[in-house]
Every structure is written in C-alpha cells, then in structure tokens.
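This briefing is intended for a reader who is new to the structure shown below.

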Amino acid sequence: MGATGNAVLVFVGGLVWVGVSGYSIDDIDFPGGHMPIPALVAYVLVGAGLAGVGSGRR
C-alpha cells in the first residue's frame, strides 16, 4: 500500500468486514445475493472514520 499508518485501518476494517459478512451470511449465501445496504453503509462509514487515525504521527 505504500502509505504509513495504515495498520489500524487494515486491521479494524478487516475485523469489521468479517463481522458484517458473518452477520449477513444468510443474505449472501445464494447466487445473486448481496449484503443489505445499511450494512455496507456502516462499513464505509467505519472505514472513512478510521482512514485518518494515526495519520498525524511521524
């Protein structure tokens, strides 16, 4: 990824994605299935909030 300070975003974002996927497994378990829109919106908001964490440190 090249940028420094991504560890929190990658680690917590990955954990949140596993949680969202596990919670929505019944919705995505068939061909053409997709995650509920509120779950995806929550994931994007968490990721956007984490994007700035740790960026001020050098």
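**Briefing on the predicted model**

G47 is placed in helix α3, which covers residues 37-50. The model described here is a predicted one. The protein chain holds three helices and zero strands, and its elements run α-α-α from the N terminus on.

**The chain as a whole**

- Of the 58 residues in the protein chain, 12% count as buried.
- The protein chain exposes about 4400 Å², and carbon and sulfur atoms supply 69% of that area.

**Packing of α1 and α3**

- Helix α1 spans residues 7-23, and its axis and that of α3 come within 10 Å of each other, crossing at roughly 170°.
- Because angles over 145 degrees count as roughly antiparallel, α1 is roughly antiparallel to α3.
- On the α1 side, the contact is made by V8, L9, V12, G13, V16, W17 and V20.
- On the α3 side, the residues making the contact are A39, L40, Y43, V46, G47 and L50.

**G47 in this setting**

- G47 is among the α3 residues that make the contact with α1.
- Although 31 residues separate G47 from V16 in sequence, their C-alpha atoms are 8.9 Å apart in space.
- V16 is itself one of the α1 residues in the contact between the two helices.

**The nonpolar surface patch**

- W17, I37, L40, V41 and L45 together make a nonpolar surface patch of about 460 Å².
- Helix α3 contributes four residues, the largest share of this patch.
- One of the patch residues is V41, which lies in helix α3.
- V41 has a relative accessibility of 42% and therefore counts as partly exposed.
- W17 and L40 belong to the patch, and both residues are also listed in the contact between α1 and α3.

**S21, a buried residue of α1**

- S21 lies in helix α1.
- With a relative accessibility of 17%, S21 counts as buried, because the buried class is defined as under 20%.
- When neighbours within four places in sequence are left aside, S21 is in contact with I28 and M35.

Definitions and conventions: Residues numbered from 1 in each chain as written. Predicted model: local features only at pLDDT ≥ 70, side-chain atom pairs only at ≥ 80, totals over all residues. Heavy atoms only, no water. Patch = residues over 30% accessible without salt bridge, like charges linked within 9 Å, V, L, I, M, F, W, Y side chains within 5 Å. Areas by Shrake-Rupley, 256 points an atom, 1.4 Å probe, with all protein chains shown as cover. Salt bridge = Lys/Arg side-chain N within 4 Å of Asp/Glu carboxyl O. Buried < 20%, exposed > 50% of the residue type's maximum accessible area, 1.4 Å probe, protein only. Axes fitted to C-alpha atoms, helices over the stretch in contact; angles between N-to-C directions. Parallel < 35°, antiparallel > 145°, perpendicular 65-115°, else oblique. Contact = heavy atoms within 4.5 Å.
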